[in-house]
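I opened a notebook on this structure today. I will write down what I looked up, one topic at a time.

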Amino acid sequence: MRRSLLLSLLVYGLILFGLLTLRGEFIALSLPLVVYLLSGLLRAPQSINLEVERTLSVERVGADMPVRVALQITNLGAALEDVLMRDELSPRLKVLDGSPQHLLHLSKGQTVNLTYTVSGPRGYYLFPRLYVEACDHFGLVSREEAIPTPGQLFVLPSVLRLKQIAIRTRKTRVYSGAIPARVGGPGVEFFGLREYQAGDSPRWINWRASARHTFSIYSNEFEQERVADVGIILDGRLKTNVFDKDHSLFEHSVLAAGALADALLSQGNRVGLLNYGRFLHWTFPGYGKIQRERILQALAHAQVGSSTVFSELEYIPARLFPTHSQIVLVSPLDPDDVKVLVQLRARGYQVMAISPDPVDFELSYLPQSEAVDQAARLLRMERNLLIHKLQRAGIQVLDWDVSQPFDQVVKRRLGRPPALLRAIGGRI
């Protein structure tokens, strides 16, 4: 429209100048411009009437996996000479093949198919609309329209397979599982002795204890194993995760949260997830594969951020978690977090902290120097003191050097059998 406006002003100027000066050559000079302008206006697109259908090869995929995006475009209106189509993409997505922009000529009723391939890191991506700009062949008049073409893509975090996570809550649910329930009954681990009852297997009889009593026979009693309520808190605060523009521990925390949720759900537990960062996002507790998919989608949405309200852990809504349940905090930890975690422990929750080590993480990319080494030693002393305070309060802490595979660290530190956990008082 700017080009046609300038051309119209030029034509009017030439004609007006020719009339004022009574010189016909200026009027004659404007005639080709008038013909050029009229031909552009006559061939200008009157309206854009397109039907667009979007399809994605998959709607959930792993990080950096290719996804094919297809657009089927049908022209329901008049013919369009030059049509520029631009699909709106997130800047985090990378185009691997093809292009999201195309310049086409569409006849009336014509259908075209456009495809391209993208990939991206963990996240949730929307394909909200297709921008269409139609103009005449001379580029004098153009019309623009944004056509809604809703589509979504979940790029889910990688899930490490953990064989077993030994947790011991104060309260369990009624269903059979893998967590010691502190109640006698069917099980594997020895729990105590009781008098023989009709129906007990002869293999349960404790002959040594029965030999001490003339008129009584005693059977071994085992500890029942049940499922429990587990709440995972993912720390997405900017101050604990991001150290500079290009270095963040948050992706490691997301990896750990996904692996823990998958393992705990595989053991039959009821698991919920709380993303604690700029905003609170609560995934209601549930069981099984459907809950696993909900948690993975919530982790795909998770982003690090800062908030004046949620800058400290003291605003964790503890009422979301059932009383005496297991809380697993995935966080690099801040010195101010000790008080909040101790308060959760005092309220009856069994608390575990999975903490990616920020000291070793920063040392991995900082240049070696004496000042850096001294600062690292001081930070290491502060972190060891923080962990010691938490352990003194009965909180399990897994100090994770992110240069080591998370599944191997969990196997060494959290994969212990329940009997050994009882022997050491449930601490790591």
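Is F154 buried or exposed? I looked it up in the model, which is predicted. F154 has a relative accessible area of 8%. The cut-off for buried is under 20%, so F154 is buried.

Entry on aromatic pairs. I found five aromatic pairs in the structure. One of them joins Y124 and F154. I noted 4.7 Å centre to centre and 35 degrees between the planes, and the pair is listed as tilted. I then checked where the two residues sit. Y124 belongs to strand 8 (residues 123-126) and F154 to strand 11 (residues 152-156). They are 30 residues apart, and the pair links distant parts of the chain. Y124 is partly exposed, at 29% relative accessible area, whereas F154 is buried.

I next looked at F361 and Y365, which form an edge-to-face aromatic pair. Their centres are 5.9 Å apart, with 70 degrees between the planes. F361 counts as buried, with 10% relative accessibility. Y365 is partly exposed, with a relative accessible area of 22%. Both residues belong to one aromatic cluster together with F243.

In what order do the six strands of the open sheet lie? I wrote down 18-17-14-19-20-21, with mixed pairing. Strand 18 (280-286) and strand 21 (396-400) are the edge strands, and each pairs on one side only. From one strand to the next, the twist averages 15 degrees. I picked out strand 14 (residues 229-235) and strand 17 (residues 270-276), which pair in the parallel sense over seven bridges. Within strand 17, L274 is the bridge partner of I233.

Entry on the helices. I asked which strands helix 5 lies across. The list is strand 14, strand 17, strand 18, strand 19 (326-330), strand 20 (350-356) and strand 21. Helix 5 runs at about 170 degrees to strand 14.

I also looked up how helix 5 (residues 250-266) packs with helix 6 (residues 288-301). The angle is about 170 degrees, and the axes are 10 Å apart. An angle over 145 counts as roughly antiparallel, and helix 5 and helix 6 are therefore roughly antiparallel to each other. On the helix 5 side, the contact is made by V254, A257, G258, A261, D262 and L265. On the helix 6 side, G288, Q291, R292, I295 and L299 take part. By class, I noted six nonpolar, three polar and two charged residues in this contact of helix 5 with helix 6.

Conventions: Residues are numbered from 1 along each chain as its sequence is written. This is a predicted model: local features need pLDDT of at least 70, side-chain atom pairs count only at pLDDT 80 or more; totals for chains, interfaces and linings use all residues. Side-chain values use heavy atoms; hydrogens and water are left out. Axes are lines fitted to C-alpha atoms, for helices over the stretch in contact, and angles run from 0 to 180 degrees between N-to-C directions. Helices (H or I, at least four residues) and strands (E, at least two) are DSSP runs, numbered from the N terminus. Angles under 35 degrees count as roughly parallel, over 145 as roughly antiparallel, 65 to 115 as roughly perpendicular and the rest as oblique. Contact means heavy atoms within 4.5 Å. Ala, Val, Leu, Ile, Met, Phe, Trp, Tyr, Cys and Pro count as nonpolar, Asp, Glu, Lys and Arg as charged, and the others, Gly among them, as polar. Rings of Phe, Tyr and Trp (its six-membered ring) pair if their centres lie within 6.5 Å; planes under 30 degrees apart count as stacked, over 60 as edge-to-face and the rest as tilted. Buried means under 20% relative accessible area, exposed over 50%, partly exposed in between (1.4 Å probe, protein chains only). Two strands pair if DSSP finds at least two bridges between them.
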